[in-house]
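Dear colleague,

Please find below the structure that I am handing over to you.

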Amino acid sequence: DGVSSRDLEDALYAFGFGLQCSYVKPFGEGHINETYAVYMPTEDGDEFAYILQRVNNNVFKDPAGVMENIFGVTEYLRNVIREEGGDPDRETLSCIKTKTGCTYFEDSEGQPWRCYNYIPNSVCYQLVEEPEQFYQSGNSFGHFLKQLGNYPASSLKETIPDFHNTVKRFGNFQRALHRDIKNRAVTCRGEISFVLEREQDCGVLVQQQEEGILPLRVTHNDTKLNNILFDADTGKGLCIIDLDTIMPGLAANDFGDSIRFGAATAEEDEQNLDLVHFDISLYELYVKGYLEATKDVLTPEEVESLPWGARLMTLECGMRFLTDYLEGDTYFKTAYPEHNLVRARTQFRLVDEMEQQFDRMKEIVKKYCQN
Ligand code: ATP
Ligand code: MG
Ligand code: MG
């Protein structure tokens with residue numbers, strides 16, 4: 001699904017980067033969209049860059065909804081950052097409209113393109129190199145939640161419906177198990193029981209949200225380290241990027257997903273389970289950064305929901321891998337037949353360790369809530 005040079009040229013033209021543009025190059029290490037940096041000369045002989053992206057419309061079926069969410073949130077953030085005395089050109093993405101005033105451009109194949117300001121003097125890390133970065137990550141995603149604390153979350157489009165509806169995900173798992181179209185259930189009885197034994201858990205957060213105990217927040221839904229740009233000079237978290245999956249959701253979901261992959265000691269598809277552990281000291285670092293930014297805005301119920309978020313995002317993710325394994329690997333890309341099962345196992349190992357240390361996880365959250 002490469003990008004044709006004609007579509008790239010059309011997109012450049014649509015955003016007004018015709019003949020003046022100095023050069024364009026593929027940029028970053030994203031897996032979902034096609035990202036380019038566009039360099040434009042300025043009058044004083046400098047260069048100014050933009051990010052041009054072809055949005056993956058296999059994943060995002062409603063690009064207009066996605067862009068509406070992103071425009072709403074980023075324009076709001078610019079004002080918040082101004083009030084904080086920050087620099088809105090570096091601390092948030094800003095979207096640029098097409099020459100005809102649209103939020104995105106549709107190329108000859110019907111694929112959507114959008115354009116952002118380039119965040120100067122920033123760095124992006126693929127992996128946590130220093131534990132300090134994980135603290136920064138918690139602090140940045142926490143700050144993002146706080147900045148959007150008064151944004152009307154329910155006005156956001158749910159561009160991927162039921163994304164973290166763990167109860168529905170459990171239902172999908174049960175259906176896949178019942179059909180068992182690849183006859184794989186016999187190869188993963190232990191993993192199946194692991195999920196079935198946790199049916200009640202799946203409802204813990206969904207129920208609290210439905211009962212109004214947990215509020216809907218603006219959630220990012222892809223809270224990975226490489227979706228934060230760090231300030232190249234100070235090393236501090238600077239700007240949250242990759243806003244495609246901004247939706248109404250629970251604080252605990254964003255928090256939990258960060259913990260799921262960031263506090264694990266091995267890759268998601270590590271085959272040797274002896275290497276897979278939940279690192280509670282990394283969890284503590286993230287909690288510290290996150291609560292420093294959010295303890296004044298989260299409700300007591302939300303604070304209490306955070307350890308559950310870690311457990312349930314990890315369970316949900318493992319359940320999705322196991323569902324895909326049972327369905328014959330139709331959703332996640334796999335490199336070998338058991339790949340999804342291997343992934344499910346790492347997630348269940350993490351869930352198991354989180355359950356064993358759950359009291360400690362709750363104590364840590366309490367500790368960083370005190371003023
Ligand atoms: P993912 O695989 O995380 O879903 P993606 O394909 O959605 O990624 P982005 O995360 O939006 O793509 O962008 C890919 C990379 O491009 C980022 O990780 C970052 O390094 C760089 N990048 C994106 N936007 C900007 C920006 N405005 N300024 C500077 N760098 C950026
Ligand atoms: Mg990204
Ligand atoms: Mg993305």
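The notes below describe the metal site, the ligand site and then several individual residues.

This is a predicted model, in which local features need pLDDT of at least 70, side-chain atom pairs count only at pLDDT 80 or more, and totals for chains, interfaces and linings use all residues. Residues are numbered from 1 along each chain as its sequence is written, chains are lettered from A and ligands numbered from 1 in the order in which they are written, and side-chain values use heavy atoms, with hydrogens and water left out.

The metal site

Which protein donors does the magnesium ion (ligand 2) have? They are N227 (OD1) and D242 (OD), at 2.1 to 2.2 Å from the ion. Donors here are N, O and S atoms within 2.8 Å of the metal (3.2 Å for Na, K and Ca); water is not among the atoms, so sites may look incomplete. This pair links distant parts of the chain, 15 residues apart: N227 sits in the loop between β8 (217-219) and β9 (228-231), and D242 in the loop between β10 and β11. Helices (H or I, at least four residues) and strands (E, at least two) are DSSP runs, numbered from the N terminus. The strands on either side of D242 are β10 (237-240) and β11 (247-249).

N227, by contrast, counts as buried because its relative accessibility is 4%. Buried means under 20% relative accessible area, exposed over 50%, and partly exposed in between (1.4 Å probe, protein chains only).

The site of ligand 1

How many residues surround ligand 1? There are 22, and the closest are H31, N33, Q53, N117 and I119. A residue counts as near a molecule or strand if one of its heavy atoms lies within 4 Å of it. By class, this shell has 9 nonpolar, 9 polar and 4 charged residues. For these classes, Ala, Val, Leu, Ile, Met, Phe, Trp, Tyr, Cys and Pro count as nonpolar, Asp, Glu, Lys and Arg as charged, and the others, Gly among them, as polar.

Why does ligand 1 lie between domain 1 (5-119) and domain 2 (131-367)? Both domains give residues to the shell around ligand 1, so the ligand lies between them. The domain bounds come from an automatic or database domain assignment.

Several polar contacts can be followed in the model. A polar contact is a pair of N or O atoms within 3.5 Å; within protein, one must be able to donate a hydrogen and the other to accept it, and residues adjacent in sequence count only if both atoms are side-chain atoms. A backbone N or O atom of N117 is 2.9 Å from a nitrogen atom of ligand 1, and a polar backbone atom of I119 is 2.9 Å from a nitrogen atom of ligand 1. From K224, a polar side-chain atom lies 3.0 Å from an oxygen atom of ligand 1. Taken alone, ligand 1 exposes 620 Å², and the protein buries 95% of that. Accessible areas come from the Shrake-Rupley method with a 1.4 Å probe; for residues, only the protein chains shown count as cover.

Individual residues

T294 belongs to helix α10 (residues 280-294) and is buried, with a relative accessible area of 0%. A polar atom of the T294 side chain lies 2.8 Å from the backbone oxygen of Y290.

N121 is in the loop between β6 (112-117) and β7 (122-123) and is partly exposed, at 39% relative accessible area. Phi of N121 is near 55 degrees, a positive value in a residue other than glycine. D329, in the loop between α11 (300-326) and α12 (339-356), also has a positive phi, near 60 degrees.

A153 lies in the loop between α4 (131-147) and α5 (166-179) and counts as buried, at 7% relative accessibility. V297, in the loop between α10 and α11, is partly exposed, with a relative accessible area of 29%. The C-alpha atoms of V297 and Q147 are separated by 9.8 Å, although the two residues are 150 residues apart along the chain.
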